[in-house]
Amino acid sequence: MAYNGIKTWQTVSSRVLDVYFPKQRFLCEGPGRRTIMANSSCSNAYPSTDVLYIEVQDDLASIVLFVIVCFMVVVCLGVYAEELIFLRRVNGWGTKSRRVATILGLHPVTIISAFLAVMVPKSTLFVDFVASCYLTVCYYTFFNIVIGYFGDENKMVEYFQGDKIQTSVPPCCCCCCCVLKPRILTLNSLLVFKYLTLQVVYVRPILLFIALVLWTDGKFVSGLISADTSYIYIMVLTSVSTLFSLYGTFVVHRASAPHLQQYRIMNKFLSIQLVLVLSNMQGLLFSSLAANGIPGCIQSRGPIPRANALNHFALIIETFLLCLLARRAYRMDERNIPKPTKSHAKDFAVTAFTDVIVKEPSCPHMSDVTVIESS
């Protein structure tokens, strides 16, 4: 009798679960972790376009957001086309213009890749891989442009001869401040910082290619953070490579920025550096939120596909703003700008403490320029 009672209770319980959760009873199934879903159709698998478009067709907020990002993509492409026309008209189509055009193409490629990841969620890993490969090309090109402003590596070392450069910079300024002391820049140390910066050019695409191979075999799930999944290890290695690259870039940038202000080097640096940081660190942040069930399920979309969509929505908006920053940074005629010199750098340091105000003369005997020393 007791056995029959237990059997009956199990049957009733199973039927109740099948009524309230008919298709799928668990949101996340992992080692020692199961969470019952309130929505039976909610899944952490990326939805197909047929399912996605049916679900969002009655969601006004999603439609408005799609329209906004479409507008940003079109404007970004228009800005890039206008920049190419300006480069060809002002600077010609030499080696330097082609390098600048390659760097400016980073934002259209990134924003289109993020847009495809939003519109076709199942293509996320492929488009991220393409964007990562192009980012590495731009990173390598930008580093060579910075060295090219001084002439070449040997001339850059000669320029800083006798000067100590600061090596205690982010992200190592807090943890290694006793080890990283100012040092004189030599050709060997410049090569070390160069290799630290450019190792991400090779490491990141290789890791994403491995992730792509594992994904085809079902061993890689984007956004699923667990000790038994390959995603967390690939993301940790990618983040470590990014941090080393940031350190090498910050050292070179901090040393050369005061001498290259006439090239708007700060805006150029930020327009490419922030793309690298956002495409790596921001994705890891959203994956961490998805592992804790944030954001929640909506219809068939679970936390992982929703976090992925929000990550790429944010990346579209951020890349659009960086595209405008890059336009301002590179929209200049560099043919008549003199090479950096020590005296030129000192002039910039002096003008940092002096404000020059140009006024219209009220009479012929008054000076055109009034110099006001700041207190």
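The model is predicted: local features need pLDDT of at least 70, side-chain atom pairs count only at pLDDT 80 or more, and totals for chains, interfaces and linings use all residues. Residues are numbered from 1 along each chain as its sequence is written, and side-chain values use heavy atoms, without hydrogens and water. Helices (H or I, at least four residues) and strands (E, at least two) are DSSP runs, numbered from the N terminus.

**Confidence**

- Confidence is highest in helix 5 (residues 106–119), at a mean of 94.
- Confidence is lowest in strand 5 (residues 354–358), at a mean of 35.
- Residues 5–39 have pLDDT below 50.
- Residues 344–375 stay under 50.

**Helix 6 with helix 10**

- The axes of helix 6 (residues 124–150) and helix 10 (residues 265–291) come within 11 Å and cross at roughly 155 degrees.
- Axes are lines fitted to C-alpha atoms, for helices over the stretch in contact, and angles run from 0 to 180 degrees between N-to-C directions.
- Helix 6 and helix 10 are therefore roughly antiparallel (under 35 degrees is roughly parallel, over 145 roughly antiparallel, 65 to 115 roughly perpendicular, the rest oblique).
- Their crossing is left-handed (the near helix is turned anticlockwise from the far one by less than a right angle; clockwise is right-handed).
- Residues in contact (heavy atoms within 4.5 Å) include Leu135, Phe142 and Tyr149 of helix 6, and Ile265, Lys268 and Ser279 of helix 10.
- By class, this contact has 11 nonpolar, two polar and one charged residues.
- Ala, Val, Leu, Ile, Met, Phe, Trp, Tyr, Cys and Pro count as nonpolar, Asp, Glu, Lys and Arg as charged, and the others, Gly among them, as polar.

**Helix 9 with helix 10**

- The axes of helix 9 (residues 230–256) and helix 10 come within 10 Å, crossing at roughly 160 degrees.
- That makes helix 9 roughly antiparallel to helix 10.
- This crossing, too, is left-handed.
- Among the contact residues are Tyr231, Thr242 and His253 of helix 9, and Phe269, Gly283 and Ser287 of helix 10.
- The contact divides into 12 nonpolar, 10 polar and no charged residues.

**Aromatic pairs**

- The whole structure holds eight aromatic pairs.
- Rings of Phe, Tyr and Trp (its six-membered ring) pair if their centres lie within 6.5 Å; planes under 30 degrees apart are stacked, over 60 edge-to-face, the rest tilted.
- Phe126 and Trp215 pair edge-to-face, 5.3 Å centre to centre, with 90 degrees between the planes.
- Phe126 lies in helix 6 and Trp215 in helix 8 (residues 187–216), so the pair ties together parts 89 residues apart in sequence.

Methods:
pLDDT is the predictor's confidence in each residue, from 0 to 100.
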